[in-house]
Amino acid sequence: VATGDFQQAEFAADLNKVHNGTASSEYSDPVEFYGRTYLTKGLSDLLIGAARRLSGAGGDPVVELQTNFGGGKTHSMLALYHMAGNKPASDLAGLDILLNEAGLSVPETVNRAVLVGTARGPSNPANTDGGPQIYTTWGDLAWQIGGQEGFDMLADDDAAGTAPGSELLE
């Protein structure tokens, strides 16, 4: 930064790019990400609450991130994304200590879904590898969590561009 030899885009975290595997390693590699991340009290509380929820030990089911622009919302979401990923917490600097001190662990398998509202528009269906074209956020969520079986539950609503009812979502 002092020499002016950097690209501004290098400092812009993008959850969608991380999820799609197109982000730079400082954001996409969980080990590197946690190695560069300082766990503030707020971020630590968020991670502990999520670990509680994922392990069935309580934790809020919904968390609202309220910060100003540049306040760390995306960084927090990336920390959660990597915590619930396929790397054990013992490999993630800082997270390992945080969870150990809280007496928590994260299940080895967590079905993650990433929905970035600005990633694509409604007239741009998502193309899945060998699966259906997906038109709605609900269809995307169902596909990411349940694969073909999950998507099939919402396929009619996805094709019609309508939101499924809460009964179907449950």
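Ser44 lies in helix α4, which spans residues 41-54 (helices are DSSP runs of H or I with at least four residues, numbered from the N terminus). The structure is a predicted model, in which local features need pLDDT of at least 70 and side-chain atom pairs count only at pLDDT 80 or more, while totals for chains, interfaces and linings use all residues. Residues are numbered from 1 along each chain as its sequence is written, and side-chain values use heavy atoms, with hydrogens and water left out.

With a relative accessibility of 10%, Ser44 counts as buried (buried means under 20% relative accessible area, exposed over 50% and partly exposed in between, with a 1.4 Å probe and protein chains only). When neighbours within four places in sequence are left aside, Ser44 is in contact with Leu39 and Leu98, contact meaning heavy atoms within 4.5 Å.

Two aromatic pairs are present in the structure (rings of Phe, Tyr and Trp, the last by its six-membered ring, pair if their centres lie within 6.5 Å; planes under 30 degrees apart count as stacked, over 60 as edge-to-face and the rest as tilted).

| Pair | Centre to centre | Angle between planes | Arrangement |
|---|---|---|---|
| Phe33 and Tyr34 | 5.5 Å | 85° | edge-to-face |
| Trp143 and Phe151 | 6.5 Å | 80° | edge-to-face |

Phe33 and Tyr34 are both buried. Trp143 is partly exposed at a relative accessible area of 21%, whereas Phe151, at 5% relative accessibility, counts as buried.

Methods:
Helix = DSSP H or I, 4+ residues; strand = E, 2+ residues; numbered from the N terminus.
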